[in-house]
Every structure is written in structure tokens, then in C-alpha cells.
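Here is a brisk report on the structure shown below. It goes from a sheet to a helix pair, then to the chain and domain contacts.

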Amino acid sequence: MLRQQIENILPFVEKPARYTGGELNSVVKNADDVDIRFAFCFADVYEVGMSHLGMKILYSLMNERPDIWCERVFAPWIDMEDEMRKADIPLYALESMDAIKDFDFIGFTLQYEMCYTNIINMLDLAKVPLLSAERGESDPFVCMGGPCAYSAEALADFADFYILGEGEEVNLEVMDAYKDWKKEGGSRFDFLKKISAIEGVYVPSFYDISYNADGTVMAIKPKYDFVPAKVRKRIIKNLDSVYYPDKFVVPFIEIVHDRIMLEVFRGCLRGCRFCQAGMIYRPVREKTPATLLDAAQKLIDSTGYEEISLSSLSTSDYSCLKEFTDGLLDMTEKESISLSLPSLRLDSFSMELMEKVQKVRKSSLTFAPEAGSQRMRDVINKNITEEDLLTAAKTAFEGGYSSIKLYFMMGLPFETVEDVCEIAELSKKVVRQYLTTPKEKRAPGLRITTSVASFVPKAFTPFQWAKQDDRETLREKQYALKEAMNDKRVKYNYHEAPVSVLEGVFARGDRRLSKVLMRAHELGVRFDGWSDQFSQEKWDQAFADCGMDIFFYTRARSFDEVLPWDMIDVGVTKEFLISEARKAEQAITTPHCREKCSNCGASCFGGGVCFEPRR
Amino acid sequence: MSQDAKIIYRITYTKDEGVKYISHLDFLRCVNRAFKRAKMPVKYSQGFNPHILQNIALPCPVGVSSECEMLDIEMTRTLDCDALCRDLGAAMPRGIKILKAERRTNHPDFFDISSARYAIDFRSDAPIEADAFDKEECYIIEKKSKRGMKEVNIKDFVQSMHTTQSGDCIYHIDAVINAGSQSNLKPDLLVSAMAKYYGANFCDIKIVRKEIFYSEASKN
């Protein structure tokens with residue numbers, strides 16, 4: 001236990017409570033009583049990592065088992081890192097304050113690409129050999145999961161194995177395999193061999209990748225006959241009966257999402273072509289209102305939180321939305337806590353639901369039209385019209401809202417500068433909608449915020465072959481939009497282009513990027529997601545030092561190119577993605593799963609919306 | 001309404017090592033949630049943004065644990081003190097122990113707190129003459145005030161202090177220093193002043209608040 005050493009440096013860091021644990025519902029066990037110690041790492045600061053629902057679920061799930069102790073680890077902020085390095089304190093877990101290098105597993109959840117350098121930095125701080133190939137028999141296994149794991153080849157040299165898909169079942173299967181392996185007594189290789197037989201486990205070192213002269217992947221070949229050619233992700237077939245925690249760790253300090261989160265369903269019906277989550281979480285599987293309300297009541301009782309929110313993609317597509325929100329609003333009113341709704345779809349936005357939520361508290365509404373022109377919305381398969389948006393805005397203004405946030409993207413495939421400038425036109429039409437709402441009906445203080453992110457093509461989407469706009473093109477588009485946005489009533493925000501480009505490189509990278517990540521780490525790169533820490537110069541140097549080219553990774557790919565993540569099977573087939581990419585080019589939309597099945601491939605899992613009776 | 005007619009409970013509790021880095025504001029939120037979890041009939045303020053009517057005796061400095069914390073909380077109805085003590089204790093994070101709860105009657109006001117006793121342990125990187133600093137009449141330090149840094153005699157804030165050696169280069173201080181809204185000294189400032197006085201570096205510093213005192217005037 002490193003408590004005394006840690007306490008000596010805490011007076012010199014900001015927010016020391018990030019580093020001391022002890023929160024309500026955090027789990028402390030006796031290390032001697034458990035067989036497996038698991039360090040669950042989130043490669044960002046405490047406030048960000050503690051907001052992540054997946055971590056809450058898996059933390060509680062593993063700790064339900066008396067033989068496993070799962071503890072939390074976050075990236076220390078730079079002031080803490082400096083102090084830890086000065087005092088020679090290795091990275092430790094919050095519950096026990098023990099060094100994680102002595103754990104059995106170090107697991108990282110990959111939520112966004114810009115945390116990859118933090119992962120390497122955390123391994124370094126932990127004093128664990130950075131490269132999988134350099135780890136010995138006494139080192140922990142380093143595993144990675146989460147949405148980015150499906151195409152995290154850039155981390156292939158650092159990960160011992162990946163866990164693909166939903167973790168509730170497969171994580172425990174891996175833990176059981178570990179106990180068996182310990183009993184049998186074998187090498188690290190033996191363990192990896194053993195778990196490579198578990199569906200959803202991908203061991204990158206078991207595959208050989210060969211390359212063509214132009215740098216593209218020639219072939220992906222399993223090195224051994226026991227290795228599957230393709231690793232299929234795991235899903236929970238019956239979501240209604242899946243484990244859900246009845247307790248959340250309640251932090252002392254304020255975190256980003258400081259509230260109860262309820263997961264209503266997994267997957268998304270919609271099939272927006274830019275959206276990775278919409279493809280990798282297929283098929284849609286719902287929980288019943290009774291299950292959700294039961295979970296809500298338990299979490300209200302165990303946390304004392306004053307707010308509850310719903311966490312799903314396109315939550316208004318929930319088939320029992322009315323029954324569920326009626327029950328939930330009764331509960332929140334009785335417990336005097338507030339309900340915050342996530343972004344709702346415009347076409348199913350109802351006055352009724354808005355009114356219901358307003359009874360508890362009024363906040364701003366968020367709409368995500370994603371693209372300014374109708375043509376572009378058809379290209380990306382965002383099935384909403386300008387009329388949908390303006391009607392929803394009108395309803396909102398008449399309902400007493402005066403603050404609306406609009407989310408858009410730029411840099412989408414087949415997009416012109418004119419398409420981008422239509423974002424400004426649409427924003428201004430929303431302003432006009434407010435002005436034409438009778439004064440006695442509308443609330444004062446109009447606030448329209450238009451946020452425009454740079455599109456990043458992601459693996460396992462119909463746009464995975466698309467060219468990503470370079471920095472200059474994105475800057476030109478941002479500038480043109482700024483010019484067109486000549487209305488002071490609209491606040492215009494946009495993302496920094498360089499970060500988006502780098503995100504795109506790692507989102508579609510191959511394992512040769514491991515070298516670049518290592519070099520960037522040596523140059524002191526970390527916290528790339530924090531704009532005050534991001535250094536384009538250091539990244540440019542890292543790529544140059546490794547003789548690697550950023551543009552190789554942002555280029556357009558042909559449909560027959562072997563993709564670096566072709567050994568992974570997410571259910572959705574390449575054929576479906578290609579047909580969607582072709583339809584995008586012609587601006588033809590695809591109906592959502594409940595309207596018509598488009599044979600995406602996700603039915604191979606044998607559950608969810610694919611097997612719902614059709615009307 | 002008189003103080004007696006309101007249903008106010010004075011709760012005494014401890015904050016141990018594990019929760020001593022929680023800031024005062026974070027601690028307030030933590031207590032609010034504990035009352036909510038314990039489903040206590042706490043009274044809320046009127047108005048647009050209702051909040052719990054609670055008052056904490058003397059904010060505990062970050063990094064200091066305590067054996068004598070107090071807070072007053074207003075309830076909408078009377079409660080059994082033992083049950084309050086037990087139920088609130090069960091709802092608190094480990095690290096906060098409820099010692100007692102009593103209906104506030106003629107208890108002194110937190111505003112009249114004048115000083116607090118601290119037990120401080122530390123290790124010095126060089127041997128020091130334990131009581132030399134204790135005996136000093138005057139030692140000038142920079143202290144943050146509302147109008148920026150100010151030079152003050154730290155000894156004006158120290159009512160008594162007694163330093164003893166408790167091991168090899170390990171020392172213990174028992175000190176009563178000013179605390180409260182009238183005049184306040186953070187105990188860590190006393191420790192850093194001492195380190196400077198001796199020209200030594202102190203580490204493994206542990207500060208525990210042991211007791212809170214009220215001004216003489218309040219006892220009448």
C-alpha cells in the first residue's frame with residue numbers, strides 16, 4: 001500500500017480527491033481473499049472516466065464475484081504525474097492504493113482514439129513493460145475493450161488481447177479461464193492460446209499481417225491453426241435479464257455526468273452512415289419498463305443522486321417510451337429528483353414528452369440534424385427533413401424553451417462548400433422560427449448554439465472507405481461557414497481540425513502505427529483530447545521519425561482493399577456496408593430496422609429487433 | 001421563530017484519513033446525498049432552488065482528518081436521536097462516522113468558535129530541538145488574507161503548543177490555535193512555518209483536529 005508516499009505529494013496537486021478513492025459504494029476487499037486482481041483503467045482524468053457507464057457495469061459485475069477484486073485506475077493529471085515520477089510512485093489502483101503492476105490484469109476501455117497515448121503513458125507510470133512482446137511471466141496481462149477495440153490495430157503492439165463487444169459474459173469467461181490456467185500452470189502463451197478459443201477474444205500477436213508495396217495490407221493470416229480467421233464480437237442476447245448494478249460509486253468531487261444513468265436499450269435502428277456506434281452495437285435489444293424502473297428505484301436509494309438520465313442511442317426509438325417515461329416521471333417527482341433527456345430525434349419529438357420533463361426542470365434542447373442540406377442528410381441517411389427540424393423548434397419555443405443546441409458535421413463524403421454553408425441557413429431559419437412565435441407564448445432570451453464537428457471516417461461504417469478532409473480543406477469550410485453565419489443570435493462552435501485528422505488516422509489505422517504511438521509517447525505526448533495539451537508539432541515529429549505518412553491513413557480506400565480490421569466480425573457484413581456506401585453516393589436513404597430489414601448481417605446473433613414480429 | 005421551535009439536530013462525526021482530501025463544498029454535497037439516502041425528513045429552503053438547511057461548524061482544511069466535526073441540520077419533524085445516528089451513519093461513505101446526534105437546545109453557536117486543538121505528527125529530514133519553536137514569542141510568516149499576502153506573527157494565532165520527539169526524527173505537536181470566523185490559522189501553515197524555522201524538510205505529515213473550543217463570551 002502506497003498511501004503514505006501518495007499523501008506526501010497530494011498537497012502539491014490540484015483536486016487531490018481524484019487520487020484517494022474512498023467513495024460511497026466503492027468496493028474494498030481483502031487482497032488475500034481473492035484469486036484475481038483486475039485494474040480497470042480509463043485513460044483520462046477521474047471526472048471523465050467516472051462518468052462512463054460501461055465501467056460502472058463491469059466494475060460492479062466483477063466485484064459481485066468473491067474471487068475477483070476489480071479496482072479503478074484513471075490517468076493522473078499532469079501535475080500528479082510529475083509528482084508521482086519525482087517521488088517514484090508507480091501507478092496505483094484507487095481502492096487498495098496498491099501498484100497495478102502486481103495485478104493479474106490491467107484492462108483499458110477504449111472510448112476514443114485520442115486517449116491512446118494516455119494508455120501508453122499509464123503503462124509506463126505503472127512500470128509495466130509497454131510492449132506485449134516484452135512482458136514476462138510475472139507481469140500482468142494487458143487487455144483492451146470498448147467501442148474502439150474493433151479497430152484498435154494501432155495499439156496491437158501494446159495489448160496482450162482485446163475483448164470485443166459487450167463484456168458482461170465474456171469478461172467472466174476470461175476470468176474463469178485464467179483461474180484454470182493458474183491451476184494448470186502454463187506460460188503466457190498458453191493462457192493467450194486458451195482464451196483465443198473464447199468467442200470475442202482477439203489476440204493480435206497470433207496474426208501475421210503482410211503489406212503490399214504501396215503500403216496497403218496484403219493479407220491477414222492466423223499464425224497457428226488454433227486461431228480463428230475471424231473473431232466475432234460478443235453481444236448479450238437477452239438484454240432484459242442482463243446484470244445491471246444496483247449501486248454506482250458516488251464520487252466526492254463533481255464528475256462530468258454526475259447522475260444516475262439508465263441504459264434503456266443497446267444498438268440503434270437508424271443506420272446513419274457516419275455512425276460507428278449505430279453499426280457496431282447492432283442489433284437493437286431493449287429492456288422492459290419494469291426492469292428499468294426497478295433499476296431506477298434501486299439506484300435512487302443507493303446513491304442519493306439528484307438527477308437521472310437515459311443512456312441509449314436515439315432514445316426516442318424505445319418501443320415502450322410512453323409507458324416507461326410515465327412511470328419514471330412518477331418516480332422522479334416522488335423522490336424530487338430531476339430527469340434529463342438525451343438528444344431526441346426530431347421526427348419523433350413529442351410535445352407531450354417535453355411538457356412532462358418540463359414539469360421537473362427546464363433546460364436547453366439539443367437537436368442533431370448532422371448536415372445542413374437535405375441532399376447531405378440523405379447521403380448520411382439521417383432521415384429527417386428541414387420541416388421536421390423547424391416544426392420541432394416551433395413546438396419547443398411554444399413550449400417555453402428559448403435555448404436550442406444544434407449539432408452538425410462537416411467534411412462528410414460527397415460534401416461541397418455550399419452544403420456546409422446551408423448549416424448557417426438552417427440555423428437562421430431556427431432563429432426566425434423563434435421570432436415568429438408570439439411574444440406571449442415564447443420565453444425570453446433566445447440562445448441558438450450551432451456546433452460543427454469535423455467528420456471522422458470510422459471502421460465498420462459505410463464511410464470506412466471514404467477520404468477524410470485534410471486540415472486545409474476543413475479550415476476552408478470552417479471559414480466559409482463562419483462567413484455565412486452572419487447572425488449574432490447564433491453562437492457558432494467548431495472543433496479543431498488537427499485533432500480530428502489524427503483521430504481519423506488512429507480510427508482506421510494499422511498496427512504499424514504502434515511505432516508512432518511509442519515515439520509520440522517518448523516525445524511526451526499525452527492528453528491529446530485536451531486542447532491545451534495537444535501538440536501538432538510533436539505528432540508531426542513522431543510520424544516523421546517513424547517514416548510514416550498521415551495522408552496514407554486519411555486517403556480513400558477501394559472496396560477490394562484488405563482493411564487492417566478485416567479479422568474482426570461485428571455482425572454487420574462488408575457487403576451491406578458497400579451497398580450503403582453506394583447508396584450514399586446517390587443520396588438514396590435506407591429505412592430503419594423496424595420499417596424494413598435491410599439484411600445488414602446482425603441477425604446472425606439470433607436476437608433483438610431482427611426477430612421482432614413485423615407489422 | 002425562536003431557535004428552540006425549529007427542529008434542529010446537532011450531529012457530531014469524524015472524518016478519517018480516507019476522506020480528508022475532500023473539499024468543503026464536495027463534503028456538503030456528500031452530506032446532502034447521505035440525508036437523501038437515509039430518507040431523513042430534512043427541511044428544504046423555500047425558493048427557486050431549494051437546498052437543505054444545514055450548517056457545518058468549521059470547514060475542515062483539505063488534508064486534515066478530524067475527530068470532532070459538527071453540523072446542524074433542520075428537520076421537518078422530531079426524530080429519535082439514536083435512530084438518526086444509526087441511519088445517517090449507515091448512509092455515509094466509509095471514512096465518516098457519526099458519533100452522536102442531539103436535539104439542539106442551548107448549544108453554543110458555531111459563530112462563537114474561537115480555537116481548535118490539533119495533533120500533528122511529522123518526520124523531519126534532520127533532528128530538531130523539539131521545543132525551540134514552541135518557546136518563540138514571535139515568528140513572522142506570509143499569510144493569505146482577503147487583501148492579498150500579509151506579514152503576520154504566527155505566534156499571535158497560537159494559544160499553546162507543545163512539541164515532543166516521538167521517534168527517530170519523528171515529532172508530535174499538540175497545539176491549540178485560532179479557528180473560526182474571527183481569527184483563523186490553518187494547521188498546515190504552522191507546520192510549514194516550523195519547517196522553515198528549523199531549516200528542515202518535514203514529511204509524512206498527519207494532522208488531526210481533536211477538539212473545538214468556543215469563545216468565553218458564548219458561555220454566558
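## A three-strand sheet in chain A

This is a predicted model. In chain A, three strands form an open sheet in the order β10-β13-β14, and the pairing is parallel. The edges are taken by β10 (260–262) and β14 (338–340) of chain A. Each of these has a single partner strand, so one side of each lacks a neighbour in the sheet. Neighbouring strands of the sheet are turned by 25° against each other on average, direction ignored.

Strands of a sheet pair through backbone hydrogen bonds, either parallel or antiparallel. Here, strand β13 (residues 307–310) of chain A pairs with β14(A) in the parallel sense, over three bridges. Which residue of β14(A) stands opposite A:Ser309? The residue is A:Ser340.

## A helix pair in chain A

Two packed helices are described by the angle between their axes and the distance between the axes. Helix α15 (residues 471–484) of chain A packs against helix α16 (residues 497–507) of chain A at an angle of about 135°. Their axes are 9 Å apart. Why do α15(A) and α16(A) count as oblique to each other? Angles over 145 degrees would count as roughly antiparallel, and 65 to 115 as roughly perpendicular; the rest are oblique. The angle of about 135° therefore makes α15(A) and α16(A) oblique to each other. Their crossing is right-handed.

On the α15(A) side, the contact involves A:Arg471, A:Leu474 and A:Arg475. They meet A:Ala497, A:Pro498 and A:Val501 in α16(A). By class, the residues of this contact are four nonpolar, no polar and two charged.

## Where chain A meets chain B

How many residues of chain A are in contact with chain B? The count is 16 residues of chain A, in contact with 17 residues of chain B. The side of chain A that touches chain B has nine nonpolar, five polar and two charged residues.

## Two domains in chain B

Chain B divides into domain 1 (7–107) and domain 2 (111–215). The C-alpha centres of domain 1 and domain 2 of chain B lie 28 Å apart.

The contact between them takes ten residues from domain 1 of chain B and 13 residues from domain 2 of chain B. On the side of domain 1 of chain B that touches domain 2 of chain B, six residues are nonpolar, three are polar and one is charged.

Note on methods: Residues are numbered from 1 along each chain as its sequence is written. Chains are lettered from A and ligands numbered from 1 in the order in which they are written. This is a predicted model: local features need pLDDT of at least 70, side-chain atom pairs count only at pLDDT 80 or more; totals for chains, interfaces and linings use all residues. Axes are lines fitted to C-alpha atoms, for helices over the stretch in contact, and angles run from 0 to 180 degrees between N-to-C directions. Helices (H or I, at least four residues) and strands (E, at least two) are DSSP runs, numbered from the N terminus. Angles under 35 degrees count as roughly parallel, over 145 as roughly antiparallel, 65 to 115 as roughly perpendicular and the rest as oblique. A crossing is left-handed if the near helix is turned anticlockwise from the far one by less than a right angle, and right-handed if clockwise. Two residues are in contact if their C-beta atoms, placed from the backbone, lie within 7 Å. Ala, Val, Leu, Ile, Met, Phe, Trp, Tyr, Cys and Pro count as nonpolar, Asp, Glu, Lys and Arg as charged, and the others, Gly among them, as polar. Two strands pair if DSSP finds at least two bridges between them. Domain bounds come from an automatic or database domain assignment.
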